[in-house]
Amino acid sequence: MRVSGVLRFLALIFALVTTWIFIRSYISLNAKTIRLPRWLSLVTKEIPVVRAKCGLAKPCPKEFFAFKISSGAANVVGPTMCFENQVIMSPVKNNVGRGLNIALVNGTTGMVLTQKCFDMYSGEVKLLVEFLKEIPEGALVLVASYDDPGTRLNDETRKLLSSLGSSYAKQLGFRDSWVFLGAKDLKDKSPFEQFLKNNPNTNKYEGWPELLELEGCVPRKIP
């Protein structure tokens, strides 16, 4: 009985030692030899995202300029204008204001000529008239409303804005939302325009309609 007991004890010790050696060898082997397949490692790599200019869904064709215009939201958030991936006007740049925000761009080179804002609630409308009359030939005109773009407008300013290709300048009134891209020498109405009337029954914000966004590709003017 004593001999058999000793043998059982030795067998148990042998089993424990063997198991410990096996486990240690297995862990070491896996640490050295287990690797991800090459095709699987490729899946985990980040795929670069190509973004179009001004955040458009797709790039513009050759000989076209990319643009995006956002009107202001009520009297809280100012408008934003982007042209060829350059932000021309925005609240961050601190160069927007109540009324009409207007930027002029060279229609051939895409170079920004100037940008200004005109207070159409309590400002001088003659400043806007002078600005519109001095727009050079071939210039692209980007316009975005903020808060109130129409109270101070008169027949002369509406006619000048209409001559740039606007279909809604004659209707523009108190707290309307409007975004527009036209040109000094445009013969027909511009296809780049959105307009939303201030209506208490449909306004998204209290006292103002929702903001508007206009984006697309405008053809380069060939000299």
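I looked up Arg-98 first: at 31% relative accessibility it counts as partly exposed. Buried means under 20% relative accessible area, exposed over 50%, and partly exposed in between (1.4 Å probe, protein chains only). This is a predicted model, where local features need pLDDT of at least 70, side-chain atom pairs count only at pLDDT 80 or more, and totals for chains, interfaces and linings use all residues. Residues are numbered from 1 along each chain as its sequence is written, and side-chain values use heavy atoms, with hydrogens and water left out.

Next I checked the partner of Arg-98. Arg-98 forms a salt bridge with Asp-119, with the closest N and O atoms 3.0 Å apart. The term means a side-chain nitrogen of Lys or Arg within 4 Å of a carboxyl oxygen of Asp or Glu. Asp-119 is partly exposed too, at 24%.

I then took Lys-197, which pairs with Asp-176 in a salt bridge at 3.1 Å between the closest N and O atoms. Lys-197 is partly exposed at 40%, whereas Asp-176 is buried at 2%.

I moved to strand 6 (residues 139-146), where 8 of 8 residues are buried. Strands (E, at least two residues) and helices (H or I, at least four) are DSSP runs, numbered from the N terminus. Strand 6 runs antiparallel to strand 4, joined by 8 bridges. Strand 6 also pairs with strand 7 (residues 177-183), antiparallel, over 5 bridges. Pairing takes at least two DSSP bridges between two strands. I noted Val-143 as the bridge partner of Ile-102, and Ala-144 opposite Val-179.
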